[in-house]
Amino acid sequence: MSATPSIAPAPAGPTHTVHGYAALERDAPITPFDFEQREPRPEDVAFDVLFCGICHTDLHSVGPWGQEFPIVPGHEMVGRVTGFGDQVTGLEVGDIVAVSVIVDSCGECEACRDNTEIYCENGPTNTYDGLDRIDGSRTRGGYAESLVAHQRFVHPVPDGLDLAGTAPLLCAGVTVWSPLRHWQIGPDSKVGVVGIGGLGHLGVKFAHALGAHVVAFTTSPSKRDTILALGADEVVVSTDAEQMAAHNRSLDFVLDTVSTGYPMTPLMETLKLNGTLCSVGIPEEFEVSPLIMASRRLSLASSGAGGTDDVREMLAFCAEHDIVAEVETVGPDQINQAFDRLARNDVRYRFVIDMGAAPTSA
Ligand code: NAP
C-alpha cells in the first residue's frame, strides 16, 4: 500500500493530554509520545486502556502502510469506562469495553445499514492512522493510556472473559470469525487453517468450537503440540510435500492467515471440488495457479475484519465457549522487542501490552 502524505489538524474543541507510544516516523522504533485527545462528544465513550494486542498489521503500519507519522498503533483493546457524552446509553463508568479496528463509518451506505461497517462504501475510519469524520484529526490507537470513540464502536465485554486474552479477539478474532460465519462453517465442514499465528490460532479455536474438523497448516513443526491443544484435529507441516499430498482434495474451506506472499497452489490442492480458499493475511500478491482453480471450480476469496454485528456475536460466542487468545503479556517498555519477535515468528500466539504497566509520564 502506498502512503498518502498529509497533515491532519489537531482535534477540534476541548482536549486533554494523553500519554502513549508511537512510531515518530516510518520504520522508527516505538517511543513514548504525548498527544491531545478530544473530550467525549455527546455520543462518545472515554475509557482507560487496560490491554492492547500487538497485531502484525501494526508492523505493516509503522512501515510501508503508514499514512501520517507519528502513528500510535493498536486496534484490539480492552478498557474501563471513565466517562461518556450525554447521549450515550447502556454503559456505566467502570464497565469493561472493547474497541476493534474501526471507530466510525458513514452509517448510511448499504454495508453500514447491514452492520458490516468494515465495508463502508465511503471508507470506515480506522482506529489508528485514520481521519476523524468530524474534525479531520488523525486517529490514535490503543498503545495509549486512554481512548475516546463513538458508542457504536465501543463493545461491552461479557463477564467472565480474561481481559488480556480478550483484547486480541477484537482484531485477530473477528477477522477469522467473520469468514468462518460467512462461509457457514459448522459440524459438516472440513476446514484448513494456514499460518498459526495471532489470527490463525483463533481460527483453529473458533472452527473447532463451531464443530468443524480442523486441519492446521504450519511452517513451524515446533508448534505442533500447542496447535493440537488449540483444538486442531490434524497438524500438517506445509513445507513437507508428502504431508501435503496426503490431504489432496480433502477440505471444503481453507482460511489462510499468512502475512506474506508464498506459493499457494499446494494449499489450493487440498480443496475439494467447489472449495474456497479465503486469504485474510493481505499478502503483497497471490501466488496461485489459475489452472488448479479451473480444474476444481475453486474460489479465491478474502475478507475484512468484520462489522459491529460480527464483533458482538463473536464476543457472546467466546463467553459461551470460554474462548480467549493465548497471550504473552508485555509492558510498554517491551513493545520494540515484541515487534522484533513478531517479525521473526517468535510468539505463541499474541503479544498483549499491559497498559496498566505504563509509566504515568513520558
Ligand atoms: P502473525 O501472528 O505473524 O501470524 C502469521 C503466521 O503466518 C505466522 O505465525 C506463521 O505461522 C505464518 N507465516 C509467516 N511467514 C510465512 C511464510 N513465509 N510462509 C508461510 N507461512 C508463514 O500475524 P497475524 O497478526 O496473525 O496477521 C497475519 C496477517 O493478517 C498480517 O499480514 C496482518 O496484516 C493481516 N491482517 C488482516 C486483517 C484483515 O482485515 N483481513 C486483519 C488483521 C490482520 P506458522 O509458523 O504456523 O507457519
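A polar contact is a pair of N or O atoms within 3.5 Å. The model described here is predicted. In it, an N or O atom in the side chain of Asn345 sits 2.8 Å from an oxygen atom of the ligand. Leu199 takes part through its backbone, where a polar atom lies 2.8 Å from an oxygen atom of the ligand.

The protein covers 88% of the ligand's accessible area, which is 920 Å² for the ligand on its own.

## The shell around the ligand

There are 29 residues around the ligand. Thr218, Thr219, Ser220, Gly281 and Arg350 come nearest. By class, the shell holds 17 polar, 10 nonpolar and 2 charged residues.

Which elements give two or more residues to this shell? They are helix H1 (56-61) and helix H5 (198-209). H1 supplies the largest share, with 3 residues.

The largest nonpolar core has 54 residues. Seven names stand out for touching the most other members: Leu169, Leu180, Val191, Ile196, Val204, Phe206 and Met314.

A second core is separate and has 39 residues. Phe35, Val45, Val81 and Val88 are among them. Back in the largest core, take Phe206 as an example. Beyond its neighbours up to four places away in sequence, Phe206 touches Leu169, Gly173, Val176, Trp177, Leu180, Met314, Phe317, Cys318 and Ile323.

## Helix H4, mostly covered

Of the 11 residues in H4, 9 are buried. They are Ala172, Gly173, Val174, Thr175, Val176, Trp177, Ser178, Pro179 and Leu180. What covers them? The cover includes helices H5 and H10. It also includes strands S10, S13, S14 (271-279) and S17 (350-354). Just after H4, Gln184 takes a positive phi of about 55 degrees.

## Lys205, a lysine in H5

Lys205 has its place in helix H5. Is Lys205 buried or exposed? Its relative accessible area is 13%, and the cut-off for buried is under 20%, so Lys205 is buried. Leaving aside neighbours within four places in sequence, Lys205 is in contact with Leu230, Ile323, Val324 and Glu326.

## Arg348 and its loop

Arg348 belongs to the loop between helix H11 (335-343) and S17. Its relative accessible area is 37%. Buried means under 20% and exposed means over 50%, so Arg348 counts as partly exposed.

Which residues does Arg348 contact, apart from those within four places in sequence? They are Ser222, Lys223, Thr226 and Glu326. With Ser222 there is a polar contact between the two side chains, at 3.0 Å. Thr226 is 122 residues from Arg348 in sequence, yet the two are 8.7 Å apart in space, C-alpha to C-alpha.

## Cis peptide bonds

A cis peptide bond joins Arg348 and Tyr349, with omega about -5 degrees. Tyr349 lies in the loop between H11 and S17. The peptide bond from Phe69 to Pro70 is cis too, with omega near 0 degrees. Pro70 is found in the loop between H1 and strand S4 (77-84).

Asp129 is not a glycine, but it has a positive phi of about 60 degrees. Asp129 lies in the loop between strand S7 (125-126) and strand S8 (146-150). With a relative accessible area of 9%, Asp129 is buried.

Ile282 is not a glycine either, and its phi is positive at about 50 degrees. Where is Ile282 found? It is in the loop between S14 and helix H9 (290-296). At 45% relative accessibility, Ile282 is partly exposed.

Definitions and conventions. Residues numbered from 1 in each chain as written. Predicted model: local features only at pLDDT ≥ 70, side-chain atom pairs only at ≥ 80, totals over all residues. Heavy atoms only, no water. Near = heavy atom within 4 Å. Polar contact = N/O pair within 3.5 Å; in protein donor to acceptor, adjacent residues only side chain to side chain. Areas by Shrake-Rupley, 256 points an atom, 1.4 Å probe, with all protein chains shown as cover. Helix = DSSP H or I, 4+ residues; strand = E, 2+ residues; numbered from the N terminus. Nonpolar A, V, L, I, M, F, W, Y, C, P; charged D, E, K, R; others polar. Core = buried A, V, L, I, M, F, W, Y, C linked by side-chain atoms within 4.5 Å. Buried < 20%, exposed > 50% of the residue type's maximum accessible area, 1.4 Å probe, protein only. Contact = heavy atoms within 4.5 Å.
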